[in-house]
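Keep the structure in view while reading.

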Amino acid sequence: MPEGIAYQNKDILFKILSQTYKEKSFAAYGMDLPPIRELLPTNLPKISANEKDIDNLFLLEDGTYAIVDYEAEYKRQNKIKYLNYIARVMERYYKEEEKFDLRLIVIYTGDVKSAESTLETNCFTLRTEQAFLSHIDGEASFKTIQQKLHSDIPLEDDDLMKLVILPLTMPGSEGKRVMLEKVVDLAEQITNEKQRIFALSGVIVASDKFISREYLEQIRRRINMTQLGQLYEKEKVEYANQKTKERITEMALKMLKRNIDITDIMEVTGFTEAELIRLQNDNVSV
């Protein structure tokens with residue numbers, strides 16, 4: 001079972017992808033949904049300690065939230081997981097005075113041909129919208145996009161959306177791995193920088209649950225010399241700096257709470273007196 005992208009790396013890839021998903025649609029997967037307005041963070045409050053993060057959470061142009069989950073097999077038990085996802089999204093985004101709508105999209109890889117879309121009980125009915133990537137001819141789609149690139153025909157958003165899920169159209173882990181390598185090779189040939197970054201980062205995130213961490217790490221090393229690799233390294237530094245700043249701020253707040261001399265706090269944390277006063281005023285509970 002793949003271990004998945006380490007949390008820090010996934011957080012960085014989310015930041016890279018957050019702008020490039022805007023205005024794209026799920027039409028390439030055979031789904032009639034409004035265009036994407038925004039990619040939302042998936043590290044929502046968890047109901048149980050062992051609960052996993054949602055694969056993707058989108059805000060669509062019509063104001064609807066859309067949970068997107070990828071599955072390589074059908075299990076009725078997964079619908080319990082989806083109910084937990086729904087509760088977490090509603091806990092974060094539901095406001096009683098505002099209209100709220102939520103859709104649950106399950107995208108099945110090439111390993112699944114059919115699945116039950118609903119779960120009914122006396123107290124609720126859960127409805128999922130499903131896309132079966134087994135209906136997409138992955139090899140034919142790859143060749144079409146490849147021909148476009150070799151003919152200098154600009155790729156459209158649907159081409160990019162399809163490109164990032166092409167490994168998932170293949171049945172079996174080996175089929176996914178082989179297609180992932182082909183897609184990365186092809187994506188590296190995209191001359192449009194934004195499209196190349198989207199394709200490379202998108203395919204890594206989409207394949208996260210189904211490809212081993214070791215192989216994903218090989219792919220990440222391969223792309224380190226690309227613009228994505230440079231951007232990735234820049235984001236890693238910014239991420240580390242932000243986490244360091246958060247730790248120092250937390251330490252300063254604790255020292256302020258203990259009434260430690262402000263000069264000593266300035267020496268330990270590097271904050272100025274004005275910064276510490278502002279920090280204390282912004283956190284009156286300390």
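Leaving aside its neighbours within four places in sequence, which residues is Phe26 in contact with? The partners are Met31, Leu33, Ile36, Phe58, Leu60, Val68 and Met161. The model is a predicted one.

**Overall make-up**

The chain has 286 residues, and 45% of them count as buried. It holds 10 helices and seven strands. Of the contacts between residues at least 6 apart in sequence, 64% join residues at least 24 apart.

**The nonpolar cores**

The largest nonpolar core has 50 residues, and Phe26 and Tyr29 touch the most other members. Helix α6, residues 193–206, gives the most to this core: seven residues.

Strand β3 spans residues 65–71. Seven of its seven residues are buried, so the strand is largely enclosed by the rest of the structure. Tyr65, Ile67, Asp69 and Glu71 point one way. Ala66, Val68 and Tyr70 point the other way. Both sets are buried.

| Pair | Residues of the partner | Sense | Bridges |
|---|---|---|---|
| β2 and β3 | β2: 56–60 | antiparallel | four |
| β3 and β4 | β4: 102–108 | parallel | seven |

β2 and β3 form a hairpin with four residues between the strands. There, Gly63 takes a positive phi near 90 degrees. On the β4 side, Tyr65 has Leu102 as its bridge partner. From β3 the chain crosses to β4 through helix α2, residues 78–93, and this β-α-β crossover is right-handed.

**Val68**

How buried is Val68, by relative accessible area? The value is 0%. Val68 is found in β3, and Asn56 stands opposite it. The two are 12 residues apart along the chain, yet their C-alpha atoms are separated by 5.0 Å. Leaving aside neighbours within four places in sequence, Val68 is in contact with Phe26, Ile54, Asp55, Asn56, Phe58, Ile105 and Ile107.

**Asp55**

Asp55 lies in the loop between β1 (36–40) and β2. Is this residue buried or exposed? Asp55 has a relative accessible area of 10%, so it counts as buried, the cut-off being under 20%.

Its side chain has polar partners. One is the backbone nitrogen of Tyr70, reached at 2.8 Å. Another is the side chain of Lys209, with a polar contact at 3.1 Å. Beyond neighbours within four places in sequence, Asp55 is in contact with Thr42, Val68, Asp69, Tyr70 and Lys209. Among these, Val68, Asp69 and Tyr70 belong to β3.

**Helix α4**

Helix α4 covers residues 157–165. Its buried residues are Asp159, Leu160, Met161, Leu163, Val164 and Ile165. What do they pack against? The answer is β1, β3, α3 (138–150), α5 (173–187) and α6. Met161 is also one of the contacts of Phe26.

Definitions and conventions: Residues are numbered from 1 along each chain as its sequence is written. This is a predicted model: local features need pLDDT of at least 70, side-chain atom pairs count only at pLDDT 80 or more; totals for chains, interfaces and linings use all residues. Side-chain values use heavy atoms; hydrogens and water are left out. Buried means under 20% relative accessible area, exposed over 50%, partly exposed in between (1.4 Å probe, protein chains only). Helices (H or I, at least four residues) and strands (E, at least two) are DSSP runs, numbered from the N terminus. Two strands pair if DSSP finds at least two bridges between them. A crossover is right-handed if, with the strands pointing away from the viewer, the path from the first strand over the helix to the second runs clockwise. A nonpolar core is a set of buried Ala, Val, Leu, Ile, Met, Phe, Trp, Tyr and Cys residues joined through side-chain atoms within 4.5 Å. Contact means heavy atoms within 4.5 Å. A polar contact is a pair of N or O atoms within 3.5 Å; within protein, one must be able to donate a hydrogen and the other to accept it, and residues adjacent in sequence count only if both atoms are side-chain atoms.
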